[in-house]
Each structure stands twice: as C-alpha cells, then as structure tokens.
Amino acid sequence: MITSAQNRQIKELNALISKRKERDKTGLFTAEGVKLFLEAPRQLIKNVFVSASFAKENPGLLKDTTYETIEDGLFARVCDTKTPQGILTVLKHPKYTREDILGNFAPFIMVLEDLQDPGNVGTIMRTAEGAGASGIILSKGCADMFSPKTIRSTMGSVFRVPFIYEEDLIETVNWLSANHVHTYGAHLNGICAYNEPDYGAGTAFLIGNEGKGLSVSLAERCETMISIPMEGQLESLNAAVASAILMYTVHSKRNKKG
C-alpha cells in the first residue's frame, strides 16, 4: 500500500492531474470514478489506483484488474474532486486522424476555436456523441481535452468520439471544403438562421471563443454564417448550449429523412 506523498507514483499522478505539459509529454491522463473506469477501453489503461477502503468494499469490481492501493487520506489529497469515489485510472491518449473525423458518408463535425472552459469542451464532446457527430476538431488554443475537469464533463464520450487538435484552423477549413464538407460559422452577425440549411450533406459547425467568438480570419473562410435568434437582452449563448442547439438541429433533420 502506498502511504507517502513522496512516493514516485504519487508524484507522477500529481503531475498528470495538475499539468497539461506533463500530460502532453507522457501521452497519459487520469480519469476519476467508477463510470470512467468501466467505460475506458482496456487497451488504453496503463495503471489503476484505488483507495484502501474502495479495494476492501469492491473486490468484485477489481477481480480481473491489476491495481495499486493508496491509503485513504493520501488518495483523497491526490484526486482532483472534493469527494473522490475511490478509483483513479491512468490512461494513454487515444489517437485519431483526420480520416477518423470524416467518418462515413456526410460527415458531421464540430470545429472549436480557442474555447477556454474545460466544462464547455467536455460538454460539447458529450453532446456530440448524443447527436451523432462524427468527430471534433479543436484549435491548439482550446482547453485540454485530457484535463480532469474536461474528462469528467465528457461522461465517457471521450472514449468514443474521435477528436484531433489542429495548428491552423484556416487550413483545416480548406481541407474540409476539399472533402465536400460545408462549413457553417456560428456568429452573431450570421444572416442565415441556424435552422434554415438542409444539413443533409457533409456539415461542420465552427464555434468561437466564449468571449470573442470566431476570429475574423476564420469567420471569413466559412461558407455560410449562421445565427441563433435570441429574445430579451441576451447578446450570446453559452458555447456548449449553442453547440447543442446546432448539433440536435442536424440530428433532427437527418433523422426525419430516414
């Protein structure tokens, strides 16, 4: 049983949980809780850590798993959540390509530019799975998909929805267009209402930074600028909420077509 905060594995866990640089360097990340442990692809799991009390209370769950036990108080200090469930999984980053993002016929893609809130990024990932999106493209300026908060927000969708980070979103939009994916920029000044297009062919929605929206250079590259009408005195919607409206509009229109 690990009982010391000076233990090498504890130090490595702390670094993975708190530092994006460490996650990028090692190609590893952590996922807290029973649900994420159960849903994680077995081939991605590198290590499993459990609290002493969790190990004692859940022998069946851990029956076929190799794991390390950590003293309860130390385990609680290591975890990112205030009330940890008692199990922490260390996983390898899943690897995807542009071809994975395109998926099959009529791709349905979310493109995120510099979203800063891990909760927004994770929620968009979760909603993308529910709405049947084929993948997500993120700019390098987006929040880390592998941060503990983002991972929790995905509720396991991070294991099932392809995603990639791109250096140059303008080049990415050009690539999408070359692959017959129509690009729609979500923008306050969009002249087309979000529910007007057909969305039957390849579709990509571009969502901008929470405070600034889409950059001018990226917005100019979009084939169609769309907007979500709002009542009252609101200036904009939360990025994850706007994304959900757009994604389920596609889901609804495509399902009606059978």
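1. Let's start with a pairing in this predicted model: strand 5 lines up parallel to strand 10, with five bridges between them. If you want a spot to look at, Leu-112 sits opposite Ile-207 of strand 10.

2. On to strand 6 (residues 135-139), which pairs with strand 5 through four bridges, again in the parallel sense. Here Ile-109 has Gly-135 as its bridge partner in strand 6. To get from strand 5 to strand 6 the chain passes through helix 7 (residues 118-131), and this β-α-β crossover is right-handed.

3. What about the cover on strand 5? Five of its five residues are buried. Phe-108, Met-110 and Leu-112 point one way, while Ile-109 and Val-111 point the other way.

4. Stepping back, the open sheet has seven strands, with parallel pairing and the order 7-6-5-10-8-11-9. Strand 7 (163-166) and strand 9 (192-193) are the edges, each pairing on one side only.

5. Strand 10 (residues 202-207) also runs parallel to strand 8 (residues 181-186), and five bridges join the two. Within this pair, Tyr-184 stands opposite Phe-205 of strand 10. Packed on the sheet is helix 11 (residues 239-256), which touches strand 5 (108-112), strand 8, strand 10 and strand 11 (224-227). The direction of helix 11 makes about 170° with that of strand 10.

Technical notes:
Residues are numbered from 1 along each chain as its sequence is written. This is a predicted model: local features need pLDDT of at least 70, side-chain atom pairs count only at pLDDT 80 or more; totals for chains, interfaces and linings use all residues. Side-chain values use heavy atoms; hydrogens and water are left out. Two strands pair if DSSP finds at least two bridges between them. Contact means heavy atoms within 4.5 Å. Axes are lines fitted to C-alpha atoms, for helices over the stretch in contact, and angles run from 0 to 180 degrees between N-to-C directions. Buried means under 20% relative accessible area, exposed over 50%, partly exposed in between (1.4 Å probe, protein chains only). A crossover is right-handed if, with the strands pointing away from the viewer, the path from the first strand over the helix to the second runs clockwise.
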